[in-house]
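Please look over the sequence and the structure shown here, and then read the briefing that follows, which goes through a few topics in turn.

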Amino acid sequence: MNPALRRDYLAALKLEAWLVRGSIAAPLSAVPVPVAVPVPPAERVPAAVPIANGGREEGADWPELRARVAACTRCALSSTRTQTVFGVGSLQAQWLIVGEAPGAEEDRQGEPFVGRAGQLLNSMLRAIGLSREEVFIANVLKCRPPGNRDPTATEAAECLPYLEQQIALLKPKIMLAVGRIAAQNLLRTDVTLGRLRQQVHHFGVSKVPLIATYHPAYLLRTPTDKRKAWEDLKFAREVCARV
Ligand code: SF4
């Protein structure tokens with residue numbers, strides 16, 4: 001990417017260029033790409049286990065899958081949602097971005113990652129040279145949990161087969177799990193997000209490379225962690241280039 005353009009995107013993320021002490025701003029091409037830190041054996045993240053309901057939506061094409069989600073009453077969230085939030089983006093996308101669940105605005109609009117968090121996600125994507133239209137964006141849950149509470153294990157288990165079939169149809173090169181809840185549900189682990197970051201995980205039977213990072217809503221509350229998110233995005237881009 002053009003260095004000047006990338007500087008603009010970093011400015012949109014409110015990330016200043018890194019400075020070498022006592023010198024001018026380092027060129028972005030000189031910014032070190034973070035590498036995965038080896039994790040001691042005792043701290044290794046458990047391998048993703050097959051999803052219990054995997055295959056439940058097998059065979060459904062995009063229109064059929066969309067219709068099944070729209071009509072779904074598998075869990076209690078069907079009675080409190082305004083509408084389901086299927087996902088949005090290119091059906092040829094190489095990147096699949098997965099969040100936790102729709103919030104109030106997403107529930108109203110029927111689209112994931114709208115509002116301020118959505119704008120920040122768009123800026124994060126632009127920072128690595130991707131537009132929102134080039135990726136596919138979905139959530140673990142297709143319906144909003146009331147009060148934005150965390151999804152229950154039952155809700156996630158009931159809803160994950162839809163995401164699994166989206167992945168089977170999309171065949172993404174890489175998945176970016178944004179936020180602790182998404183990462184923990186996708187990887188079937190309770191390991192903290194801090195320890196899931198900066199490692200290449202693999203999702204499901206197709207073993208799609210998966211990188212975990214912070215949720216843009218969290219970054220709006222904790223802007224000091226934007227730099228870590230930027231490191232994660234660069235790491236994900238590097239992993240994607242290797243696939
Ligand atoms: S959250 Fe998922 S499983 Fe529950 S009703 Fe909505 S679409 Fe169905």
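By class, the lining of the largest pocket has 13 nonpolar, 6 polar and 8 charged residues. This is a predicted model, in which local features need pLDDT of at least 70 and side-chain atom pairs count only at pLDDT 80 or more, while totals for chains, interfaces and linings use all residues. Residues are numbered from 1 along each chain as its sequence is written, and side-chain values use heavy atoms, with hydrogens and water left out.

- Among the 27 residues of the lining, Glu100, His215, Ala217, Tyr218 and Arg221 are the closest to the centre of the pocket; lining residues have an atom within 4 Å of a point.
- Helix H8 (216–221) is one of the helices that each supply at least two lining residues, and H8 gives the most, with 4 residues; helices are DSSP runs (H or I) of at least four residues.

**Helix H4**

- The 13 residues of H4 should span 18 Å at 1.5 Å a residue, and because its end C-alpha atoms are 19 Å apart, the two values agree; the expected span is 1.5 Å times one less than the number of residues.
- Several residues of H4 are buried, including Leu120, Leu121 and Met124, where buried means under 20% relative accessible area with a 1.4 Å probe and protein chains only.

Notes: 1 Å grid on protein atoms, 1.4 Å probe; cavity = no way out; pocket = protein on both sides within 12 Å on 5 of 7 lines; lining within 4 Å. Nonpolar A, V, L, I, M, F, W, Y, C, P; charged D, E, K, R; others polar. Buried < 20%, exposed > 50% of the residue type's maximum accessible area, 1.4 Å probe, protein only.
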